[in-house]
Amino acid sequence: MKFFIDDLPVLFPYPRIYPEQYAYMCDLKKTLDAGGHCVLEMPSGTGKTVSLLSLIVAYQQHYPEHRKLIYCSRTMSEIEKALAELQALMKYRSQDLGFEEEFRALGLTSRKNLCLHPSVKREKSGTVVDARCRSLTAGFVKEKKERGDEVDLCVYHENLDLLEPHNLVPPGVFTLDGLLRYGEEHKQCPYFSARRMMPWCNVIIYSYHYLLDPKIAERVSRELSKDCIVVFDEAHNIDNVCIESLSIDISEDSLRKATRGASNLERKIEEMKSTDADKLQSEYSKLVEGLQQAEQAREEDQFISNPVLPDDLLKEAVPGNIRRAEHFISFLKRFIEYLKTRMKVTHTISETPPSFLTHLKDLTYIERKPLRFCAERLTSLVRTLELMNIEDYQPLQEVATFATLVATYDKGFVLILEPFESEAATVPNPILHFTCLDAAIAIKPVFDRFSSVVITSGTLSPLEMYPKMLGFTAVMQESYSMTLARRSFLPMIVTRGSDQAQVSSSFGIRNDPGVVRNYGTLLTEFARITPDGIVVFFPSYLYMESIISMWQGMGILDQIWNYKLILVETPDAQESSLALETYRTACCNGRGAIMFCVARGKVSEGIDFDHHYGRAVLCIGVPFQYTESRILKARLEFLRENYRIRENDFLSFDAMRHAAQCLGRVLRGKDDYGVMVLADRRFERKRPQLPKWINQAMLDSETNLSTDMAVSNAKNFLRTMAQPFQSRDQEGISTWGLADIEKHEAKRKAEEERATHQQFMNGHKMDGVVTSTVEVEDEYDDDIDQDLMMLDAQ
Amino acid sequence: MASKNGISRRDEDEVCPVCKSSRYLNPNMRFLINPECYHKMCESCVDRIFSSGPSSCPVAGCRKTLRKNRFRAQTFEDIGVEREVDIRRRVMHILNRREEEFDSKRAYDDFLEQREEMIANLVCRTDVARTEAQLQRYATENMQSIRANQAIEEEEASSFQARMTLEQEEARLRRQLAREQIENERREIQAGREDMLSRLASGSSADAAAIAREGHKVLLKKSSARRSEEDRIRQKQAALRGSELKRSGLSASADMASSSGLIKGLRKIKTPEPEKPYDPFMGYVPEKRDYYTLQQSYPSVYLDRVKNDTRVAAGGYDLREYYARTMVEAFAGLGCFVEDEVAQRSVA
C-alpha cells in the first residue's frame, strides 16, 4: 500500500496498516526532518520494525541526501528478523515501482556466525574463532606468504582481494543466511565482505555493541558519516548495555594468565632482537615521532583498540618510559604484580580511580600518563611482533584496557574489590570489578556524532528517564497506545489472595507460608482455566527455587500437574533452551504447560510467547534488583549525585520496565490475546509507571483484585476471546486501509484548519460569528466497508 | 583441588628455603627479604641467624653480608619486580624532573626514556658502575632542584589527600541528607494519611470523598514543592562547588635548576623582571605644557619674612610647597579650550 506523509511517498508492504504504525511513522518523519534524537515507545507486536524500515527507506530514497540507516538490535535472531523484513519490503517496493532501486543492505555479526573456513568455523568459542581468523587473514601473514614463507591463508579471504573493493557483493538485501550462501557460492568471506562493504551500504543492521562498545565501535563504525540515522531497537536495556561495554572484571586467574602473556611477549622480543632488530627499531622511531596514529591505518585485523571515546583520542606521542618494548613489558609486569597484591585483601573495598592511581604510584611509581597509553602501546607491540596465537594474550589485553580506562576517567567509574564470591563463601576468590556507573559515557559519542538517533522499544516508560540517564535531549518523546477492535488483553493487578491476605514478594513476608500458598492457589486457578501455555515470572532464581520447593511441600505442584506440565528456566542456556522446546511441544499438542522464568533472565528478554504459547503471564512479585550488591549501590549513589534520580525512583523504574517486558512477552500482535497478571500488592501504586498501552487497557476496577475475582475476570475474558472473530471486524478501527488513512489525514487537516481559523477569528475579535465551513465527518465507520470491499477486490 | 583458589596455594605450599619448615607446621610463618640479595627466609630464621649481628646470607652461593634491621616483608609476589621497584624508588628519588621543566614534550619523553634506561641497566646489572657514577654526579650537582621537586611532590600528595577526604566527607553528608529526606517524606505521607483518616472518622459521610481528594492534593502539592526546593538547593551547591574548584586550581610553581650534562632539553630559567612601581594611569602621561618652571624662591615682600623665620621652618612648613601650589593654581586650565571641546561634542 502506498500513501503520503506530508510530501513523502511511503510504500508499506502490507495492505493494511495499524493506526499506531501510522502515527509512529509521522512522528519519526518529523524527527528526521527536525534533526535530533527521539524516544518512541510502541506496543510490542504492532509491527515496529516494519514501520520503521519502510519509513526510513522511503525517506532515504525520496530525498537526495540518501541518509544511511544504522539499525541496531540486540540479538542475532532479531537482526535476522529485521533483515528478512527489509528484504520483503524491498521486494514490495520493486514490484510497486516497477524497477529495482540501487540499494544495498547488509547485516553484520561476529566472525563465529559468518565464518566459512572449513576448520575455523567448527570452533565453539567466539574468541577462538576471532583469533584463528586473524592468524589466517592478517596483513603480515600475507606479506610472509609473498616472501615465500610457508604459512596458511584463508582462501575465502584471499578471494576478496580479486574483487572490486566497493562491489564485493551485488546490490540488494542479504540476510545473514543469504550472505553465507552467497559467500559459499562465490568462495568469498561473508564477514569481511560485510565489513568492507559497510561504507557502500544504504542500510546496516547489527548489534548494539558495534556502536556502543568503544573497543569495537572504533574499528567497525568509524567511517560512518554524520548524517546517518541511528536506530536502537528494543532499547529498554540500553543503559545496561552501555555500562557493561565499559566495565571490566579481573580475577586472580586472569592476572596469572596475563603474567604468562607478558613473559611470552618478553621472550618474543628477545627473539626478534636477535633475528629482526630493524623492525623493533622502526616501531620505536615511529613512536618517538608520535606518528603511530597516521601509520596505523586502522587495519581491520587490529588486536585491540583504545577503549577511550573517539573524540578523546590520544593524539599525542607515547610517553618516553614505555617507548621501548622491553620497558613496556617491565611496566606491564609491575602493573600486574601490583594488581596481584591488591587481590590479597580480606574485606570488600570500593575505591575511586584517583585514589587507586595514587596508591599505585606510591607503590610502583607508575604514573597516570603511560597508563593511559597502555592499550595502544600493546596493540602496536603485538602488531610489530606479528603474533599469531592472539587468544593467549586476551587476559593481558584485558589488563591493558583496564589500565587505560582507569587512567582516563576520574568520574563515573568505581573499583570494587570483592574477596569472596558470595557472602557465605569462606574460600576467597577475589575479583576486581571495574564498573562504569554512568551510561552516558559510552553512548555520548553516538549522540555527538550522529544527528538523528532513534531509541525505540515496547517498554520505555517513563520516557523522561532515558534522556536523563543517557544525557541527551530528545526532540520527540512519544508513547503510543494500542488501538483494538476488541479488548484482546486483560492486565490485572492481584493484591490479595482469596483469603484477603495481601500477597507480596517484599523481603519480610516473601517466605510466609500464607503468601506462598496464595501465590500457589493463584497459579493453580489460572492453570485450571487458561488454555495452552502459561508463563510465570519470578524476581530472582533464588526466590524461584525457594518458592518451588515450598510449593512442592504444600502439594501445589501436584495439583498443577493435573492441568499443565511444569518447566523451569535455569541459568544454563542449553538447559533453558531444552525446556523451552519441550514447553512449545506441550503447548502444540494440547497438553498445555507452565514455564517458570526469571524476570531478568534470558527468556524474559528474547523469547516470544505468541498465540497459544502464552495465553497468560503471571508476574509474581515486583522484580527489583538485588539491592545489597556493591555495584548497584555505587550506581544508585552516582545517579543520585549526578542526575538527581533518587534511589527508590530508579529501583522502581528498573523493576517496572522488567515487569512490563515480561508482560509484553505474551502479546505479539493484534490477533493475539492473553491475560496479564501482576501479583503483588506493591504493583497497585506503581501502576503509572507501566507503559501507556498497558496502563490504558487496565480498568480501575482491576487494579486491586483478590485471586478469586481475578480468576472470574479471566474466565470471562477467555470466554469472550473464544468467540469467532474475523479480521474484517478490525478494519477501520485497529487496522487501516488506504481510505482510512486519507480520511484520517482529511480530518486532521480539517482540525488544523479549524484551529487556525479560530485563531484568526479570535485575532480579529469577531465575536458571535461561528463558521460552519468546516464540518468534520464523524460518521467515520459507515462507508468504510465499501472502500475496503473495493480494496479487497483489487 | 586446593590449588584452585589462590589463597590456599599461596599459603600451604610455602616452605622456608633455609629451615624447610612449611606453613603446615607453623601457620603464623612470615617471610622476610633483605634488599641486599632478595633471598626469602622465614622470620624465625632471621631471628636465629642475624640476632647476634651481621652475618652472611645462609642461601648457598650467596655470600652477601646481611643485617637484621634491613629485613622487611615482601610487597610483591615476584622478587624481580620487588627488586626493580626498590631500584626505581632510588632512581626516581634523584631523577625527579617534572614535565613543566622541559622545553618540549619530546624532550620530556626523551628524559623519561633515559631514566627508564638507567633503571633497566641497574636491574639487569649491565653498566652498573657507570650508571651509578652518573647518578651520583647528577645528585650532587642538582641538589637544590631535587629538593624543590620533592617538596612539590609532597605538597601535591598532601593536597590530594586533603581533597579526597573533603570529598568523602561531602559525599557522606549528601548521602545522609538524602536518607533524611526520604525518611521525612515517608513520615509526612504517614501523617497526612492519619490526619485524613481521623477527619474521615469524625466528619459526616457526605464530604468523605471531598476530604479524601483534598488530602491527596495536599500530599501532591507538598511533594512537588519539596522537589523544586531540592532542585534549587542542588543547583546552588553545584555552583558553589564549581567556584571552589576554580579557586583551588594549583598554580604550577616556578622552579630553579642548574644546567647539567645528564639531562637535555631543560627549559631555560628566566628570572622574573622586578616589578615596576604601581601606575594608576596605566602608563598614560598627560600632555605636558611647560608654562613655567618652578624656581627655588620667588621674590615677595611678605613671604621673605616667613622664609627667614626659623619658627615656621621648625613647624615643618616648607615654602616650596606653597610656591608649587600657587603656580599650579595660576596656570590651571590654560591648556583647555572649551570651544573646541564643545564643538567636538556637538559633532559627535
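Predicted model: local features only at pLDDT ≥ 70, side-chain atom pairs only at ≥ 80, totals over all residues.
Chain A contains 34 helices and 21 strands. Its radius of gyration is 29 Å. The globule rule gives 28 Å for 794 residues, so chain A is as compact as a globular protein of that length. Along the principal axes, the C-alpha atoms of chain A fill a box of roughly 90 × 70 × 60 Å. Of the 794 residues in chain A, 45% are buried.

One part of chain A is an open sheet of seven strands. The strand order is S17-S18-S16-S19-S20-S15-S21, and the pairing is parallel. Strand S17 (565-568) and strand S21 (705-706) stand at the edges of this sheet. Each has a single partner strand, so one side of each is left without a neighbour in the sheet. Strand S15 (residues 489-496) pairs with strand S20 (residues 674-679) of chain A over six bridges, in the parallel sense. Within this pair, A:Val494 stands opposite A:Ala679 of S20(A).

Helices pack on the sheet. Helix H26 (residues 573-588) of chain A touches strand S16 (533-538), S17 and strand S18 (593-598). The direction of H26 makes about 160 degrees with that of S17(A). Helix H29 (residues 647-664) of chain A touches S15, S16, strand S19 (616-620) and S20. The direction of H29 makes about 160 degrees with that of S19(A).

Six of its six residues are buried, so S16(A) is largely enclosed by the rest of the structure. A:Gly533, A:Val535 and A:Phe537 point one way from S16(A). A:Ile534, A:Val536 and A:Phe538 point the other way, and all are buried. S16(A) has parallel pairing with S18(A) over six bridges. In that pair, A:Phe537 has A:Cys597 of S18(A) as its bridge partner. S16(A) also pairs with S19(A) in the parallel sense, over four bridges. There, A:Ile534 stands opposite A:Ala616 of S19(A).

A:Leu357 sits in helix H17 (residues 353-364) of chain A. A residue counts as buried with 20 or more other C-beta atoms within 10 Å. A:Leu357 has 19, so it is partly exposed. Leaving aside residues up to four places away in sequence, A:Leu357 touches A:Arg368 and A:Ala407. The C-alpha atoms of A:Leu357 and A:Leu371 are separated by 9.6 Å, while the two residues are 14 residues apart along the chain.

Some backbone features stand out in loops. The peptide bond from A:Ser461 to A:Pro462 is cis, with omega near -10 degrees. A:Pro462 lies in the loop between strand S13 (452-457) and helix H22 (465-470) of chain A. A:Gln500 is not a glycine, yet its phi is positive, at about 70 degrees. This residue is found in the loop between S15 and helix H23 (513-529) of chain A. A:Gln500 is exposed, because it has 11 other C-beta atoms within 10 Å.

B:Asp127 is not a glycine, but has a positive phi of about 60 degrees. B:Asp127 lies in the loop between H4 and helix H5 (128-141) of chain B. With 14 C-beta neighbours inside 10 Å, B:Asp127 counts as partly exposed. Elsewhere in chain B, an unreviewed UniProt entry places the feature "domain: RING-type" at residues 16-59. The end C-alpha atoms of this span lie 11 Å apart. The span is 18% helix and 16% strand.

The two chains meet at an interface. Here, 30 residues of chain B are in contact with 29 residues of chain A. On the chain B side, helix H1 (6-12), helix H3 (79-94), helix H4 (105-124) and helix H6 (143-202) each supply at least two residues. H4(B) gives the most to this side, with ten residues. By class, the side of chain B that touches chain A has 13 nonpolar, three polar and 14 charged residues.

Methods: Residues numbered from 1 in each chain as written. Chains lettered and ligands numbered in written order. Buried ≥ 20, exposed ≤ 12 C-beta atoms within 10 Å, placed from the backbone. Contact = placed C-beta atoms within 7 Å. Nonpolar A, V, L, I, M, F, W, Y, C, P; charged D, E, K, R; others polar. Pairing = 2+ DSSP bridges. Axes fitted to C-alpha atoms, helices over the stretch in contact; angles between N-to-C directions. UniProt positions renumbered as here; feature names shortened; annotations may be inferred. Rg over C-alpha atoms; globule rule 2.2 N^0.38 Å.
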